[in-house]
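Subject: Structure handover

Hi,

Here is the structure for your set. My notes follow below it.

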Amino acid sequence: MQMRESSEDYLEAIFILRERNGTVRAVNVAEELSFSKASVSIAMKKLRENGYVSLDEDGFLLLTPAGETVAARVYQRHKVLTDFFVSLGVDPAVAARDACKVEHDLSQETFDKLLIHAQQNIKGE
């Protein structure tokens, strides 16, 4: 199933917030992404209905195995692309913003080749 960019951003935010704080509520996602609580609530409902997110008994957001897979993939892409752009001399803040734009649209083949290239150049330094 093709996932929308915004859904990937929500899953990535949950992933990052969980790593940072241990637990995640919808309000944390709203603050992280600078979205309204209502928008996040609607998105979380759709992600729950599609099997990417669940809620525990205390109201914390949990990534399902499918959600974890998507979130980890998007986060890895974000980190690799940011690091690659910084290695080219791009300001870190600009690199992070650009990586966020590119991470969703890059084919897996292109990403894999970029990753190999970046790893070879790091080793070759």
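What percentage of the 125 residues of the protein chain count as buried? The figure is 35%, where buried means under 20% relative accessible area with a 1.4 Å probe, protein chains only.

Some ground rules. This is a predicted model: local features need pLDDT of at least 70, side-chain atom pairs count only at pLDDT 80 or more, and totals for chains, interfaces and linings use all residues. Residues are numbered from 1 along each chain as its sequence is written, and side-chain values use heavy atoms, with hydrogens and water left out.

Overall layout. The protein chain has six helices and two strands (DSSP runs: H or I of at least four residues for helices, E of at least two for strands, numbered from the N terminus). Their order along the sequence is α-α-α-β-β-α-α-α. The C-alpha atoms fill a box of roughly 50 × 30 × 25 Å along the principal axes.

Contacts (heavy atoms within 4.5 Å). Take those in the protein chain between residues at least 6 apart in sequence: 54% join residues at least 24 apart.

Helix packing. The axes of helix 1 (residues 5–21) and helix 3 (residues 37–49) come within 11 Å and cross at roughly 95°. These axes are lines fitted to C-alpha atoms over the stretch in contact, with angles from 0 to 180 degrees between N-to-C directions. The two helices are therefore roughly perpendicular (65 to 115 degrees). Helix 1 makes the contact with S7, Y10, L11 and I14, and helix 3 with S39, V40, A43, M44 and L47.

Best wishes

Methods:
Buried means under 20% relative accessible area, exposed over 50%, partly exposed in between (1.4 Å probe, protein chains only). Angles under 35 degrees count as roughly parallel, over 145 as roughly antiparallel, 65 to 115 as roughly perpendicular and the rest as oblique.
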